[in-house]
Amino acid sequence: MKLIDLHTHSTASDGTLPPAQVALAAAQAGLSAVALTDHDTTQGLAEFLEAAASSGPELVPGVELSVDRPGGGSMHMVGLWVDHEEPRFKQGLERVQTARKQRNPKIVARLQELGVDITMDEVVAAAGRGQVGRPHFAQVLVDKGVVAGPGEAFGRFLKRGAPAYMEKERLNPSQAMELIRGAGGISVLAHPGLLELHPAALEELVKGLKEQGLMGIEAYYSEHNPATERRLLEMAARLGLAVSGGSDFHGHNKPGIRLGAGKGTLRVPASLLAGLKQARDALSG
Ligand SMILES: [Zn+2]
Ligand SMILES: [Zn+2]
């Protein structure tokens, strides 16, 4: 059976392989197609697409957007076959990036208002070379003796609802799907199994998203067990959605996940490409 992997990350977001190396690794793994779907950025796509070789896998330009989840929190939407040069799409992603960069200084400012002696430089230092996140704020608070441990840092300051919690600014699902569609791509709900919803609640969510333009769901995923996979395949058939799948490969940042193979048992059939392309072509037709 020919296999594909339509969910991977490169150094353009939080993976460890440069974009061209992802394409190369897919060729070495014998995959028929691979999509690069970095978080909220398409900066790796030009390099990725240039890696195309005549005998290599089909390279699918993609993206993975964090969007608001109805009821709070976030969920992920994968866009496949996006044109990363499309101006409105580019602008949309830039707005997301800017909002993200503004979040951490806002947390610092709020902590200072609360009387905590903390600077952005300290938090950046705590993050080392990684992306700054709340665990790094917690670490600084612990190091300074403001709290006894990270649990207290989250409980008193950083968790949702606590005084220094700042909501991440995210697109709502319909904005995200509109951007993807505007760039010629199709929207796929990423790893629905990770939402940990009751099957009926998940189906309601997916139905609602379909009304706003969702074209597919990621039924095959490294962390879906066989029962979840089967349920999602049945749901896709019931709702008339295309099926996608991928490993969520991050290189060494997710050491247990292999390109095209996930934890070793993932098998995403290449036959899915036909349905996904049909969905894509229906959009432009
Ligand atoms: Zn994701
Ligand atoms: Zn991902």
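Student: How many bridges join strand 6 to strand 7, and do they run parallel or antiparallel?
Tutor: In this predicted model, strand 6 and strand 7 run parallel and are joined by five bridges. Within that pairing, Ile-217 stands opposite Val-243 in strand 7.

Student: Through which helix does the chain cross from strand 6 to strand 7?
Tutor: The path goes through helix 9, residues 226-239, and this β-α-β crossover is right-handed.

Student: And strand 6 itself, how many of its residues are buried?
Tutor: Six of the six residues in strand 6 (residues 216-221) are buried, so the description "mostly covered" applies to this strand.

Student: What about strand 5 and strand 6: how many bridges are there?
Tutor: Two bridges join strand 5 to strand 6, and these strands run parallel. Val-188 stands opposite Gly-216 in strand 6. Together with helix 8 (residues 199-211), strand 5 and strand 6 make a right-handed β-α-β unit.

Student: In which sense does strand 5 pair with strand 4?
Tutor: Strand 4 (residues 74-80) and strand 5 (residues 186-189) pair in the antiparallel sense, over four bridges. Ser-187 in strand 5 is the bridge partner of Gly-79.

Student: What is the order of the strands in the sheet?
Tutor: The order is 1-2-3-4-5-6-7 in an open sheet of seven strands, and the pairing is mixed. The edge strands are strand 1 and strand 7 (242-246), each of which pairs on one side only.

Student: Which residues of strand 2 are buried on each side?
Tutor: Ala-33 and Ala-35 are buried on one side, and Val-34 and Leu-36 are buried on the other, which leaves both faces of strand 2 (residues 33-36) covered. As background, side chains in a regular strand alternate between the two faces of the sheet.

Student: How many bridges link strand 2 and strand 3?
Tutor: There are four, and strand 2 pairs with strand 3 (residues 58-68) in the parallel sense. Ala-35 stands opposite Val-60 in strand 3.

Student: Now the helices. Which residues of helix 6 are buried?
Tutor: Ala-153, Phe-157 and Leu-158 are buried in helix 6, which covers residues 150-158. Because they cover an arc of only 60° around the axis, they lie on the same side of helix 6. On the other side of helix 6, Gly-151 and Gly-155 are exposed.

Student: What do the buried residues of helix 6 pack against?
Tutor: They pack against helix 3 (87-113) and helix 5 (134-143).

Student: What domains does the assignment give?
Tutor: The assignment gives domain 1, made of 4-85 + 172-284, and domain 2, made of 94-158. The centres of domain 1 and domain 2, taken over C-alpha atoms, are separated by 31 Å.

How values were computed:
Residues are numbered from 1 along each chain as its sequence is written. Chains are lettered from A and ligands numbered from 1 in the order in which they are written. This is a predicted model: local features need pLDDT of at least 70, side-chain atom pairs count only at pLDDT 80 or more; totals for chains, interfaces and linings use all residues. A residue is buried if 20 or more other C-beta atoms lie within 10 Å of its own, exposed if 12 or fewer, and partly exposed in between; C-beta atoms are placed from the backbone. The arc is that of the directions from the helix axis to the C-beta atoms. Two residues are in contact if their C-beta atoms, placed from the backbone, lie within 7 Å. Domain bounds come from an automatic or database domain assignment. Two strands pair if DSSP finds at least two bridges between them. A crossover is right-handed if, with the strands pointing away from the viewer, the path from the first strand over the helix to the second runs clockwise.
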